[in-house]
Amino acid sequence: MLTGAGISAESGVPTFRDSDGLWEGHRPEDVATPEAFDADRGLVQRFYDERRAALARVEPNAAHRALADLEAELGDDLLLITQNIDDLHERAGSQRVHHMHGELRAAWCRACDVRIPWERSLADEPPCPGCGIAGLRPDVVWFGEMPYGMDEIHRALFSCDLFVSIGTSGVVYPAAAFVDYAIAGGSETLELNLERASNSDFHVSRQGPATELVPAWVAELTTAEATA
């Protein structure tokens with residue numbers, strides 16, 4: 001299962017780009033590349049500090065909670081891969097969540113290569129708790145960097161029975177190709193999205209708000225499991 005910005009947008013988390021092509025008032029290349037970080041660390045750190053602080057003002061919605069309920073039913077048979085860097089899945093109760101683009105509430109020390117939970121500001125260049133060097137950056141995958149755990153993701157895609165994509169645009173790679181990998185592995189595929197994604201290779205596509213589509217689909221699935 002893959003979730004994208006659309007599932008968190010209904011909780012008030014801004015999507016990646018607004019209609020003017022900006023990301024919360026900034027060009028993505030100014031705040032979401034290693035080069036931007038090296039050029040203006042203060043700007044990038046403040047940008048992610050603000051986003052991290054904003055998580056306290058949003059809550060998981062019905063779609064997040066429905067997926068947590070589904071995990072409680074299916075256990076290890078469900079792997080939830082998310083492109084989102086927020087923690088709304090975990091706060092809803094999901095435990096088996098793979099953040100392929102990293103997490104806002106985590107920091108990565110470039111000096112000692114340790115990744116640690118982080119809630120405070122990074123703009124004041126705090127020392128790493130592990131090595132003491134001021135080398136922390138947001139533990140977020142930027143343009144030009146490899147998403148986390150791609151080997152595990154590929155294994156899951158080629159071996160799953162059902163691949164479900166929720167709230168994704170279908171334009172950001174490598175995630176946009178996941179449906180093709182799943183189909184190549186013999187999986188059935190389902191899209192739950194506000195509108196049909198550009199990579200419209202899904203066997204079934206349902207359009208509407210995630211807070212309506214996801215709980216309804218989970219109810220269908222759990223009912224079918226119970227009567228099987």
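Buried residues make up 45% of the 228 residues in this chain, where buried means under 20% relative accessible area, exposed means over 50%, and partly exposed lies in between, with a 1.4 Å probe and protein chains only. Please keep in mind that this is a predicted model, in which local features need pLDDT of at least 70, side-chain atom pairs count only at pLDDT 80 or more, and totals for chains, interfaces and linings use all residues. Residues are numbered from 1 along each chain as its sequence is written, and side-chain values use heavy atoms, with hydrogens and water left out.

Let me stay with the whole chain for a moment. The accessible surface comes to about 10900 Å², and 51% of that belongs to carbon and sulfur atoms; the areas come from the Shrake-Rupley method with a 1.4 Å probe, and for residues only the protein chains shown count as cover. The chain has 9 helices and 9 strands. These are DSSP runs numbered from the N terminus, with helices being H or I of at least four residues and strands being E of at least two.

How compact is the chain? Its radius of gyration is 18 Å, close to the 17 Å that the globule rule gives for 228 residues, so the chain is as compact as a globular protein of that length. That radius is taken over C-alpha atoms, and the rule is 2.2 Å times the number of residues to the power 0.38. Along the principal axes, the C-alpha atoms fill a box of roughly 55 × 40 × 35 Å. Now to contacts, meaning heavy atoms within 4.5 Å. Among those with a separation of 6 or more, 61% are between residues 24 or more positions apart.

Let's zoom in on some buried residues. His 89 sits in helix H6 and is buried, with a relative accessible area of 1%. Setting aside residues up to four places away in sequence, His 89 touches Thr 3, Ile 7, His 64, Leu 67, Leu 80, Thr 82, Ser 94 and Val 97.

Ser 94 is in that list, so where is Ser 94 found? It lies in the loop between helix H6 (88–92) and strand E3 (97–99). Ser 94 is also buried, at 4% relative accessible area. Beyond its neighbours within four places in sequence, Ser 94 is in contact with Leu 67, Ala 68, Glu 71, Leu 80 and His 89.

Next comes Ile 81, in strand E2 (residues 80–82). It is buried too, with a relative accessible area of 3%. Not counting residues up to four places away, Ile 81 touches Met 1, Leu 2, Thr 3, His 98, Met 100 and Ile 153.

On to the second largest pocket. Rolling a probe the size of a water molecule over the atoms shows where empty space is left. Here a pocket is found on a 1 Å grid over the protein atoms alone, as an open set of points where a 1.4 Å probe fits, with protein on both sides within 12 Å along at least five of seven lines; lining residues have an atom within 4 Å of a point. About 600 Å³ of space lies in this second largest pocket. Of the 21 residues that line it, the closest to its centre are Asp 77, Leu 78, Cys 160, Asp 161 and Leu 162. As for the volume, grid points are joined across faces, edges and corners, and the space counted is that filled by probe spheres set on the points.

Which elements each supply at least two residues of the lining? They are helix H5 (62–74), helix H7 (150–159), strand E7 (162–166) and helix H9 (210–227). The largest share, 4 residues, comes from H7. By class, the lining has 14 nonpolar, 1 polar and 6 charged residues. Nonpolar covers Ala, Val, Leu, Ile, Met, Phe, Trp, Tyr, Cys and Pro, charged covers Asp, Glu, Lys and Arg, and the others, Gly among them, are polar.

Finally, some backbone details to look for on screen. A cis peptide bond joins Tyr 173 and Pro 174, with omega about 10 degrees, and Pro 174 is in the loop between E7 and helix H8 (178–184). Asp 113 is not a glycine, yet has a positive phi of about 60 degrees; look for Asp 113 in the loop between strand E4 (102–109) and strand E5 (115–117). Glu 125 also has a positive phi, near 55 degrees, and its place is in the loop between E5 and strand E6 (136–140). Glu 125 is partly exposed, with a relative accessible area of 28%.
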